[in-house]
Amino acid sequence: MAKIQLNGKKISIESKYTIFDLLKRYKLYDKKIAVECNGKIIPKVKYKIKYLKTNDKVEIVHFIGGG
C-alpha cells in the first residue's frame with residue numbers, strides 16, 4: 001500500500017498503481033481533465049506508465065465549459 005495526496009486529501013492506493021488506475025477508480029479516464037503529479041503536468045500518453053508512490057501529490061482538474 002502507498003499513501004498519496006489527491007486534490008488535497010490523503011488516500012491509500014495499491015502498490016504498482018498508475019495514474020490511469022487512479023482515473024479508473026474515480027471514473028475519470030474518459031473525461032476532459034488535466035493531471036499534475038508533484039508539480040508537473042503529466043501528458044495523457046503517460047497515464048498508463050506513470051506509477052505513483054508514497055507521498056506523491058496528485059491534482060486532477062476538470063474542464064468545464066461555459067459562456
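**Strand faces, sheet order and side-chain contacts**

In the predicted model, strand β1 (residues 2-6) has a covered face, formed by A2, I4 and L6, and an uncovered face, formed by K3 and Q5. In a regular strand the side chains alternate between the two faces of the sheet. Strands here are DSSP runs (E, at least two residues) numbered from the N terminus. Residues are numbered from 1 along each chain as its sequence is written. Because the model is predicted, local features need pLDDT of at least 70 and side-chain atom pairs count only at pLDDT 80 or more, while totals for chains, interfaces and linings use all residues; side-chain values use heavy atoms, with hydrogens and water left out.

Strand β1 belongs to an open sheet of five strands, in the order β2-β1-β5-β3-β4 and with mixed pairing. The edges are taken by β2 (9-13) and β4 (40-42); each has a single partner strand, so one side of each is left without a neighbour in the sheet. From one strand to the next, the twist averages 35° (axes are lines fitted to C-alpha atoms, and angles run from 0 to 180 degrees between N-to-C directions).

Two strands are taken to pair if DSSP finds at least two bridges between them. Strands β1 and β2 pair in the antiparallel sense over five bridges, with L6 opposite K9 in β2. Two residues lie between the strands of this hairpin, in which N7 takes a positive phi near 50°. The pairing of β1 with β5 is parallel and comprises two bridges; Q5 has K57 of β5 as its bridge partner. Strands β3 (residues 33-37) and β5 (residues 57-62) run antiparallel and are joined by five bridges, and E36 has E59 in β5 as its bridge partner.

One salt bridge is found in the whole structure (a side-chain nitrogen of Lys or Arg within 4 Å of a carboxyl oxygen of Asp or Glu). This salt bridge links the side chains of D56 and K53 at 3.3 Å, N to O.

Note on methods
Helix = DSSP H or I, 4+ residues; strand = E, 2+ residues; numbered from the N terminus. Buried < 20%, exposed > 50% of the residue type's maximum accessible area, 1.4 Å probe, protein only.
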